[in-house]
Amino acid sequence: MHIVVCIKQVPDSAQIRVHPVTNTIMRQGVPTIINPYDLFALEAALALRDQHGGEVTVLTMGPPSAADSLRKALTFGADRAVLLTDRFFAGADTLATTYALATAIRKIGETFGAPDLVFTGKQTIDGDTAQVGPGVAKRLGLLQLTYVAKISALDLDNKTIEAERRSEGGVQILQTRLPCLITMLEATNEIRRGGMADALRAARAEVVTWSAKDAGVEDITKCGLRGSPTIVKRVFAPQARAEKATMVDFSDTPPADALIAELFKRQPKLETELATLARGY
Amino acid sequence: MSEPTKAPAASAGSRAATKKELPEHFKSYKHVWVFIEQERGQVHPVSWELMGAGRKLADKLNVELAAVVIGPEGESTAQAAAEAFCYGADLAYMVADPLLTDYRNEAYTKALTDVVNTYQPEILLLGATTLGRDLAGSVATTLLTGLTADCTELDVDTDGSLAATRPTFGGSLLCTIYTLNYRPQMATVRPRVMPMPERVEHPVGRIITHPLGLVEDDIVTKVLSFLPDRDSAKSNLAFADVVVAGGLGLGSPENFQLVRQLASVLGAEYGCSRPLVQKGWVTSDRQIGQTGKTIRPKLYIAAGISGAIQHRVGVEGSDLIVAINTDKNAPIFEFAHVGIVTDAIRLLPALTEAFRARLSPHSRDRIAS
Amino acid sequence: MIEEKFDAIVVGAGMAGNAATLTLAQRGLKVLQLERGEYSGSKNVQGAILYADMLEKLVPDFREDAPLERHLVEQRFWMMDDNSHVGLHYRSEEFNEEKPNRYTIIRAQFDKWFSSKVKEAGATVLCETTVTELIQDAYGRVIGVRTDRAGGQIHADVVVLAEGVNGLLGTRAELRPRPKPENVALAVKEMHFLPRETIEARFNLKGDEGVVIEAAGTISRGMTGMGFIYANKECVSLGIGCLVSDFQKTGETPYGLLERFKSHPSVAPLIEGSEVKEYAAHLIPEGGFKAIPQLYGEGWVVVGDAAQLNNAIHREGSNLAMTSGRIAAEAIFQIKSRREPMTAKNLALYKAMLDESFVMKDMKKYKDMPALMHINSQNFFLTYPQLVSKAMQNFVRVDGTPKVEKEKRSLRAFVEARSWLGLFGDAFRIARAWR
Ligand SMILES: Cc1cc2nc3c(=O)[nH]c(=O)nc-3n(C[C@H](O)[C@H](O)[C@H](O)COP(=O)(O)OP(=O)(O)OC[C@H]3O[C@@H](n4cnc5c(N)ncnc54)[C@H](O)[C@@H]3O)c2cc1C
Ligand SMILES: Cc1cc2nc3c(=O)[nH]c(=O)nc-3n(C[C@H](O)[C@H](O)[C@H](O)COP(=O)(O)OP(=O)(O)OC[C@H]3O[C@@H](n4cnc5c(N)ncnc54)[C@H](O)[C@@H]3O)c2cc1C
Ligand SMILES: Nc1ncnc2c1ncn2[C@@H]1O[C@H](COP(=O)(O)O)[C@@H](O)[C@H]1O
């Protein structure tokens with residue numbers, strides 16, 4: 001069995017700062033991490049490999065430094081890493097990203113064996129669209145299972161897979177045919193810690209690095225900025241609210257009473273609304 | 001969507017310059033569409049919220065607003081179309097087929113792509129739900145058009161193009177995205193981000209039906225079963241009128257009970273910040289914020305939550321935000337309406353008692369008698 | 001267990017560890033470096049100033065791609081009391097030279113770059129791997145390490161301990177004693193982000209010029225310690241450190257000190273309106289020459305902060321770390337070239353080479369300084385700064401008092417506070433320690 005897992009290197013959004021005056025992003029020293037959602041996809045793939053045998057290839061499209069993330073994925077136990085890097089890929093939106101990734105997955109199939117499964121995370125924390133997975137599936141003509149919480153059965157002989165998919169209001173149990181693409185839901189597993197042998201292997205492994213040409217991209221205008229139908233026209237910081245919070249003074253009333261008094265003073269209707277609600281329970 | 005990481009300021013100029021005249025074959029694309037999401041016979045409220053937003057865009061563009069209703073043949077789908085008129089639709093496109101009873105990507109993608117290709121809208125809006133995102137990604141890729149996900153604001157620019165604004169970098173910035181040379185311009189919006197428009201009784205208008213054109217054998221994926229969320233455990237956080245939430249400041253899972261107790265007295269839903277989910281104190285469906293739920297209650301009480309940007313973006317739409325925090329400089333006081341600097345672990349029980357006394361003054365007597 | 005054996009294992013990817021690993025790899029040795037942090041530099045805290053000379057010896061053309069912030073053209077020393085500072089500033093256009101001598105850096109970025117050079121040289125670098133124990137044979141010889149990864153025992157001819165000031169491996173294996181509280185300072189540091197132009201305006205800089213402010217006085221509340229402010233490109237590093245033993249004695253908190261330092265009227269305007277990121281605390285070895293432990297043994301050497309190689313008076317640490325790491329590696333290479341075993345007897349070469357370098361010479365020169373500062377901390381860090389400040393104010397303020405009277409008053413204040421004998425004693429002691 002061959003599984004391809006798409007991972008993305010993202011800036012740790014908790015550490016991004018916006019310049020207080022110019023409203024531009026201050027990137028100095030912002031560390032990068034593997035998109036946290038992708039780790040759930042990677043672990044799901046590794047677990048399937050351990051169970052059924054086969055190989056896991058991790059794939060990322062990004063700058064040369066994204067090799068760090070791939071190497072980390074190898075430390076966790078992935079078998080092979082492919083970095084798709086080229087200036088033509090820069091500035092890609094989801095549509096252009098899916099084109100590049102789909103092309104590379106086809107090439108991976110030709111070079112290392114056709115994948116039975118492709119995994120992506122549910123979404124990224126920078127792009128945050130949750131669209132790349134479905135887009136890649138569409139481009140490769142793969143069936144797609146999004147928001148998967150659990151893979152309940154995999155039958156390699158009959159090429160079928162059964163999975164639990166989170167949907168609005170409940171869980172769908174779906175069955176479909178391989179090859180397919182799965183976007184994995186968060187908090188469904190915990191990434192393993194690779195052993196010393198994996199760590200040593202990862203530290204020395206070659207990351208397969210492909211340019212657009214190497215990956216077999218035929219139409220460069222479908223990549224990066226040029227291949228992106230959407231454009232970002234304006235980036236700006238959220239407006240600060242002018243009004244400051246009213247701070248409750250409780251120097252001479254018990255704090256709870258002081259707070260409630262302030263609330264009902266501010267919104268006189270609130271008391272009846274709350275009373276109605278409270279009675280409902 | 002495009003990634004503004006690549007050079008936000010510079011790209012604005014250089015990329016705008018790439019704008020060309022809209023290709024001829026897209027010029028016939030007209031009108032604003034909203035995909036009406038149903039699952040198991042229920043219309044997801046986000047669809048009506050989008051009708052409100054769609055109406056404004058259509059009026060600005062001076063075009064029609066259409067609802068796209070896809071679902072099983074029968075009462076519920078017809079009812080959804082009828083409702084759409086009460087929420088402002090000028091017409092409705094309907095694909096009704098037994099094969100569409102359960103949501104399946106293949107069938108729904110085919111249905112929606114076909115109507116788009118046939119009737120050619122210039123704007124197509126979907127809810128950013130699990131269903132909406134699953135569908136939007138496939139449809140946009142099939143149509144090879146742009147898609148802006150998770151918008152918080154939709155507007156029409158002077159030249160008539162859709163200006164879709166969304167948070168980026170975990171909410172620390174906003175960006176406005178355009179789909180210039182492609183149609184339709186697609187966008188998804190998360191539930192509770194747009195206000196719910198008023199429902200006005202309205203007779204059913206024009207309905208255009210379109211066939212699905214598939215047989216069951218064409219659809220590979222089968223739904224083996226559906227497990228609805230157990231009602232007791234299911235959180236109704238996103239739609240609650242009152243929400244009480246706790247953060248790391250509570251210090252322990254035991255203290256989180258104080259939040260639940262206050263919520264129960266108020267008839268409120270309870271929620272939390274992300275670290276509590278990560279620590280396993282609270283289940284993930286209770287998380288509020290960028291990677292959790294967006295809420296818009298009348299009253300939001302946050303206890304021991306610092307107010308990080310990722311939390312802030314999920315609660316900003318609340319009518320009245322109350323923050324309880326020991327640190328008078330906590331960022332939450334920058335967007336709360338009412339703040340109190342005190343120990344939440346001591347205040348919460350007192351608040352629970354005070355509300356109990358105030359809201360149902362006889363409850364004690366009853367217990368006593 | 002891993003079958004593979006290495007020529008050397010280096011524990012730690014700080015300045016000392018990176019220098020050692022780089023040198024070993026450049027000389028063709030098979031070397032494994034283990035770091036517990038997510039990447040080299042992720043756990044490292046430093047002001048930070050980089051001394052070009054020591055890095056040039058390792059990476060001659062480092063200026064081409066190392067992430068350097070600003071080169072220093074100005075040094076300020078401030079003696080502070082609660083509301084004032086008396087300053088000595090040295091600024092020279094000569095520091096705007098082609099190959100500047102000192103730079104401000106951000107360690108997290110710099111170490112990452114340094115680590116990339118280490119990898120390019122051919123070393124195997126494993127991060128997120130904590131060495132939990134040294135493996136010793138029946139004779140007490142160090143023959144490898146145990147780590148927290150599954151199957152994580154690895155053997156090597158020699159282990160280079162570059163584990164930093166807290167170095168638990170060496171102390172646990174009883175290769176050296178735990179550092180005493182009076183020999184380590186606890187420093188806390190913050191990064192204050194500001195627009196580039198604002199920093200340049202506030203610090204009187206242009207282009208990539210940088211400035212360092214070192215501050216002592218009542219900010220340390222009578223404890224032995226110093227504050228520092230470094231201008232980087234888009235942020236100001238600011239911190240303060242005092243001896244751990246003094247914190248224990250006074251009950252002061254490092255955070256409290258830092259808050260006071262930041263709100264000092266001389267400091268606050270420099271960082272006003274900034275966004276704070278990265279609050280960090282770290283220990284600095286300050287015991288000086290007398291606190292240096294045994295530096296080598298059977299199958300091991302110790303370098304950098306772990307060896308207490310730090311010059312507190314000149315606030316030099318990373319250059320001593322780099323140099324000791326490089327010298328240890330060169331010694332190991334020489335022994336290896338002679339095909340001799342890594343015994344204590346052979347590894348004594350490291351100590352001999354270090355004694356000949358500036359590292360040990362500087363350490364020796366200031367050998368009495370720590371004790372002096374320590375015994376007299378009340379005078380140096382409370383009494384004198386206040387007196388000097390009063391005297392300066394007296395001197396500068398124009399209020400109709402005759403100048404002769406003013407001078408007398410200042411002098412009287414000094415004498416009253418410390419007595420003539422005390423003053424001479426202090427001056428004499430400083431001079432002797434410095435000599
Ligand atoms: C990609 C990404 C996505 C994220 N998504 C979300 C998200 O969806 N939702 C979310 O919430 N976070 C999210 N976060 C995390 C977010 O950045 C913050 O880390 C988190 O919100 C902080 O939670 P907190 O306020 O509970 O904890 P802290 O920041 O630790 O704050 C605790 C607060 O409690 C106060 N306090 C302490 N003791 C008491 C007491 N006795 N009484 C009263 N107050 C007290 C403290 O002063 C402090 O302000 C995300 C982060 C990332 C990187
Ligand atoms: C606030 C502050 C400001 C300073 N300013 C300056 C300055 O301006 N100029 C200057 O020259 N010096 C300065 N110094 C001193 C300088 O930072 C140190 O002397 C230098 O970093 C020492 O390098 P090192 O490699 O010995 O130790 P470290 O840099 O501490 O590196 C030790 C490494 O070993 C790793 N490690 C430890 N134990 C294990 C284990 N068991 N397994 C795996 N890995 C392990 C750690 O994670 C760490 O990365 C400053 C120090 C501080 C705290
Ligand atoms: N540049 C990329 N390289 C590899 N995988 C990616 C890339 N961008 C997105 N993905 C994958 O697509 C998923 C969804 O991304 P997004 O649509 O950006 O939220 C991620 O979780 C990744 O698995």
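An oxygen atom of ligand 3 is placed 3.3 Å from a side-chain N or O atom of Asn35(A), a polar contact being a pair of N or O atoms within 3.5 Å (within protein, one atom must be able to donate a hydrogen and the other to accept it, and residues adjacent in sequence count only if both atoms are side-chain atoms). The model is a predicted one, in which local features need pLDDT of at least 70 and side-chain atom pairs count only at pLDDT 80 or more, while totals for chains, interfaces and linings use all residues. Residues are numbered from 1 along each chain as its sequence is written, chains are lettered from A and ligands numbered from 1 in the order in which they are written, and side-chain values use heavy atoms, with hydrogens and water left out.

Two further polar contacts of ligand 3 involve chain A. Asp38(A) places a polar side-chain atom 2.5 Å from an oxygen atom of the ligand, and a polar backbone atom of Gly121(A) is 2.9 Å from a ligand oxygen. On its own, ligand 3 exposes 490 Å², of which the protein buries 97%; accessible areas come from the Shrake-Rupley method with a 1.4 Å probe, and for residues only the protein chains shown count as cover. Two or more residues of the shell are given by each of strand E6 (55–61), helix H3 (94–112) and strand E8 (117–121) of chain A, where helices (H or I, at least four residues) and strands (E, at least two) are DSSP runs numbered from the N terminus. E6(A) provides the largest share, three residues. In total, 19 residues surround ligand 3, and Cys6(A), Asp38(A), Thr124(A), Thr129(A) and Ala130(A) are the closest; a residue is counted as near if one of its heavy atoms lies within 4 Å. By class, the shell has seven nonpolar, nine polar and three charged residues (Ala, Val, Leu, Ile, Met, Phe, Trp, Tyr, Cys and Pro count as nonpolar, Asp, Glu, Lys and Arg as charged, and the others, Gly among them, as polar).

Ligand 1 is located between chains A and B. The surrounding shell numbers 29 residues, the closest being Ser273(B), Thr291(B), Ser306(B), Asn325(B) and Asp343(B). It divides into 10 nonpolar, 16 polar and three charged residues. At least two shell residues come from each of helix H7 (274–278), helix H8 (309–315), strand E17 (320–325) and H9 of chain B. Oxygen atoms of ligand 1 lie 2.5 Å from a polar side-chain atom of Ser273(B), 2.7 Å from a polar side-chain atom of Gln310(B) and 2.7 Å from a side-chain N or O atom of Asn325(B). Of the 980 Å² of accessible area that ligand 1 has on its own, the protein covers 81%.

Over all chains, the structure holds 15 aromatic pairs. Rings of Phe, Tyr and Trp (its six-membered ring) pair if their centres lie within 6.5 Å, and planes under 30 degrees apart count as stacked, over 60 as edge-to-face and the rest as tilted. One pair is formed by Phe264(A) and Phe355(B), with centres 6.4 Å apart and planes at 70 degrees, and is therefore edge-to-face. This pair crosses between chains, from helix H6 (residues 255–266) of chain A to helix H9 (residues 344–359) of chain B. Phe264(A) is buried at 8% relative accessible area (buried means under 20%, exposed over 50% and partly exposed in between, with a 1.4 Å probe and protein chains only). Phe355(B) is also buried, at 0%. The rings of Phe62(C) and Tyr103(C) are likewise edge-to-face, with centres 6.2 Å apart and planes at 85 degrees. That pair links distant parts of chain C, 41 residues apart: Phe62(C) lies in the loop between helix H2 (52–56) and strand E4 (68–80), and Tyr103(C) in strand E6 (residues 102–105). Both Phe62(C) and Tyr103(C) are buried. In chain B, Phe26(B), Tyr29(B) and Tyr182(B) form one aromatic cluster.

Charged side chains are also placed over rings, a charge sitting over a ring if NZ of Lys or CZ of Arg is within 6 Å of the ring centre and within 35 degrees of the ring normal. Lys233(A) lies over the face of Tyr178(B), 4.4 Å from the ring centre, and Arg40(B) over that of Phe226(B), at 4.0 Å.

Arg166(B), in strand E9 (residues 162–168) of chain B, is buried at 0% relative accessible area. Its side chain reaches the backbone oxygen of Ala149(B) at 2.5 Å.
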